[in-house]
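The sequence and the structure come first, and my notes follow.

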Amino acid sequence: MSGPAGGPANRLGRSNVEITALALGAAGIGNLFTEVPDQQAYETVGAAWDAGVRYFDTAPHYGIGLSERRLGAALSERPRSEYTISTKVGRRLEPSDAGGDDLANGFAVPATHRRVWDFSADGVRRSLEASLERLGVDRVDVVYLHDPDDHAEQAFREGYPALEKLRAEGVVGAIGAGMNQAEMLARFILDTDVDVVLCAGRYTLLDQGALTELLPAAQERGTSVVIGGAFNSGLLADPRPGATYNYTAAPPEMLDRALALNAMADRHGTTLRAAALAFCAAHPAVAGVLVGAKSPHEVRDCAEQFAAPVPAAFWQEVRDADLLPADAPVPGDKASKPKEPKEPKEPS
């Protein structure tokens, strides 16, 4: 599994599941914030395929099922053995006649369903079965527990063992958790036998929260990490007044840092987008970088930026300016390979 910009195949933990180093997050084609026409969604997935991307991530939450339906339709003409797909459990979709739209949850779709938090064993299986139907496939390769922040007890006691059983049965190839925080993901790495965690927004040029415990634990245990939110929802893609940081208006201090990094990138003949992606990929525990896109142009730009080398002099200037911790790996560093996984503890 490889492509011109997708990068080499990386195995997830001790599983047999492989992903490309660059992956497509399908929230955008689920009408995240704005509507995306069906044809544009189809072409977006096609552009990712043409760029060598072979790992695609979705979730029931994204457009209350629209992302899964569109992704499945776009991939239906591709050989199933040639791509990896992940979805998530934890929010079941139930029909609703409330009417209106789903913009309160971030998606420009009719509110035909409501989300029900459910990390029970039955809920996990029911959610996965519904996802398979929407995707039009008989299996997915990776399943994540999705945002269990306020449901930790049920997620660890019921949801995780349910995923472990599905993996043992061969229903899925790899299991993990996906969140916008690093602390609980570190607990999953240390206290369970997950193959991979998906960490969004907590390991970027502006936020290295995952470097404290999550990434060292993953490297020690041989657990893979997929990084999402490399641009912190926009600020690192286009740093300017009014840009968003973690989906809200960027604080002045973050905007100043992003502008300083952007100026450094300009001086060294690169782009902040290329540097942001390269930084995420440089840590030895990171198996892939997930980028969100809702148009073929955005996909092609991300692929080009991901493939572009970033000069060593840029990283030296960033470090000299104390804009990155000294222990944050950058491209070109001599990083050790992940160690052999240790035996997991019982979920606590």
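Before I note any handedness, I write down the convention: a crossing is left-handed if the near helix is turned anticlockwise from the far one by less than a right angle, and right-handed if clockwise. I also keep in mind that this is a predicted model.

**Entry 1: a pair of helices.** I looked up α7 (residues 252-267) and α10 (residues 312-320), and I found that their axes come within 9 Å and cross at roughly 150°. Angles over 145 degrees count as roughly antiparallel, and α7 and α10 are therefore roughly antiparallel to each other. By the convention above, the crossing of α7 and α10 is right-handed. For the contacts, I listed Leu 261, Met 264, Ala 265 and Arg 267 on the α7 side, which meet Phe 314, Glu 317 and Val 318 of α10.

**Entry 2: helix α3.** I then turned to α3, which covers residues 121-135 and spans 21 Å from its first C-alpha to its last, close to the 21 Å expected for its 15 residues. Which residues of α3 are buried? I noted Gly 123, Val 124, Ser 127, Leu 128, Ser 131, Leu 132, Arg 134 and Leu 135. Viewed down the axis of α3, these buried residues fall within an arc of 165°, so they line one face of the helix. Glu 129 and Glu 133, on the other side of α3, are exposed.

I also checked what the buried residues of α3 pack against, and the partners are α2 (66-75), β5 (84-89), β6 (91-95), β10 (142-146) and α4 (152-168). Last, I recorded that Gly 136 follows α3 and has a positive phi, near 75°.

How values were computed. Residues numbered from 1 in each chain as written. Predicted model: local features only at pLDDT ≥ 70, side-chain atom pairs only at ≥ 80, totals over all residues. Heavy atoms only, no water. Helix = DSSP H or I, 4+ residues; strand = E, 2+ residues; numbered from the N terminus. Expected span 1.5 Å × (residues − 1). Buried < 20%, exposed > 50% of the residue type's maximum accessible area, 1.4 Å probe, protein only. Arc of directions from axis to C-beta. Contact = heavy atoms within 4.5 Å. Axes fitted to C-alpha atoms, helices over the stretch in contact; angles between N-to-C directions. Parallel < 35°, antiparallel > 145°, perpendicular 65-115°, else oblique.
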